[in-house]
Amino acid sequence: MSIVFQKTKGLTDAVTHYCPGCTHGIVHRLVGEVLEELGVLGTAVGVAPVGCSVMAYNYFSCDMVQAPHGRAPAVATGLKRALPDNVVFTYQGDGDLAAIGTAETVHAATRGENITIIFINNAIYGMTGGQMAPTTLPGQVTQTTPYGRDVNYSGYPVRVCEMLSTLDGVAYAERVSVNNVKNVNAAKAAIKKGFENQINKKGFSIIEVLSTCSTNWGMSPTAAMKWLEDNMMPYYPLGVYKDKSKEEA
């Protein structure tokens, strides 16, 4: 009997702690598959953040380092400069990357650090109970915006790919989603390109993944996927925001 599908060697056998319906597991699998397919599991170093994926070091079958909250790009910079032949990546949520870690992210990007960032955008603080995040949509209800995010009081959401694509040091910035099979396949291709860019010494790459948080959104997993499609995708359009390889072609 031929094998149609099997678990990637890029992931350990540990049972994840994520809530039912959470899409972190899908993105973990895609990252693990890409690392395995590129043959870099033995030389890859991942940087775990603070947030829902704080225990990512238990799940990926490669060396992992735990970074303080928001500091993953700075830690990754040190790792890559000390180990230039290794593949270094961060796996971060929106609270970690786009709030407390904004400075580290922007300056690693503008320096063109040759690292790959996997950025999970679920528009909310997941681990700490569902507070408003930098990516929370206008009008979105959270624990700290019970009447919906008021842009006159809290400002507007941060569009990370659009912002970083203006920086000269960024080689590649793409926003993807994992809400259906087509988009999952596109997300894997983007993640693979982000790692290939690093292997080919292209510079800083970021792949933003629109994801769900059914627990803190207060929805079923099915309803959360529909909410992502109806609300997040129009505000955060999918697509390539910067690709230096095409600009230089």
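**Figure 1. W217 and W227 in the predicted model.** W217 has a relative accessibility of 12% and therefore counts as buried. The model shown here and in the other views is predicted. W227, with a relative accessible area of 19%, is buried as well, since the cut-off for buried is under 20%. Six aromatic pairs are present in the structure. In the pair of W217 and W227, the ring centres are 4.7 Å apart and the planes stand at 55°, so the pair is tilted. This pair links distant parts of the chain, with W217 in helix α8 and W227 in helix α9, 10 residues apart.

**Figure 2. Further aromatic groups.** Y235 and Y236 make an edge-to-face aromatic pair, with 5.3 Å from centre to centre and 75° between the planes. Both of these tyrosines are buried. One aromatic cluster is formed by F60, F89, Y91 and F195.

**Figure 3. Helix α9 and its surroundings.** Helix α9 spans residues 221–235, 15 residues in total, and reaches 20 Å from its first C-alpha to its last, close to the 21 Å expected at 1.5 Å a residue. At L228 the helix bends by about 35°. The buried residues in α9 include A224, W227, L228, M232 and Y235. Among the elements covering the buried residues of α9 are β4, β5, β6 and α8 (214–217).

**Figure 4. Strand β6 between its pairing partners.** Strand β6 covers residues 204–210, and seven of its seven residues are buried. F204, I206, E208 and L210 point one way from the strand, while S205, I207 and V209 point the other way. Strand β4 (residues 116–121) runs parallel to β6 and is joined to β6 by six bridges. N121 has L210 of β6 as its bridge partner. Strand β5 (residues 170–177) is also parallel to β6, and seven bridges join the two. Here R175 has E208 of β6 as its bridge partner. From β5 the chain passes through helix α7 (residues 181–199) to β6, in a β-α-β crossover that is right-handed.

Figure 5. A123 is located in the loop between β4 and α5 (151–154). Its relative accessibility is 0%, so A123 counts as buried. Beyond its neighbours within four places in sequence, A123 is in contact with D94, A133, T135, T136, Q140 and M232. M232 is one of the buried residues of α9. G39 lies 84 residues from A123 in sequence and 33 Å from A123 in space, C-alpha to C-alpha.

Technical notes: Residues numbered from 1 in each chain as written. Predicted model: local features only at pLDDT ≥ 70, side-chain atom pairs only at ≥ 80, totals over all residues. Heavy atoms only, no water. Buried < 20%, exposed > 50% of the residue type's maximum accessible area, 1.4 Å probe, protein only. Helix = DSSP H or I, 4+ residues; strand = E, 2+ residues; numbered from the N terminus. Pairing = 2+ DSSP bridges. Right-handed = clockwise from strand over helix to strand, strands pointing away. Contact = heavy atoms within 4.5 Å. Expected span 1.5 Å × (residues − 1). Bend = angle between axes of the 7 residues up to and from the residue. Phe/Tyr/Trp six-rings, centres within 6.5 Å; stacked < 30°, edge-to-face > 60°.
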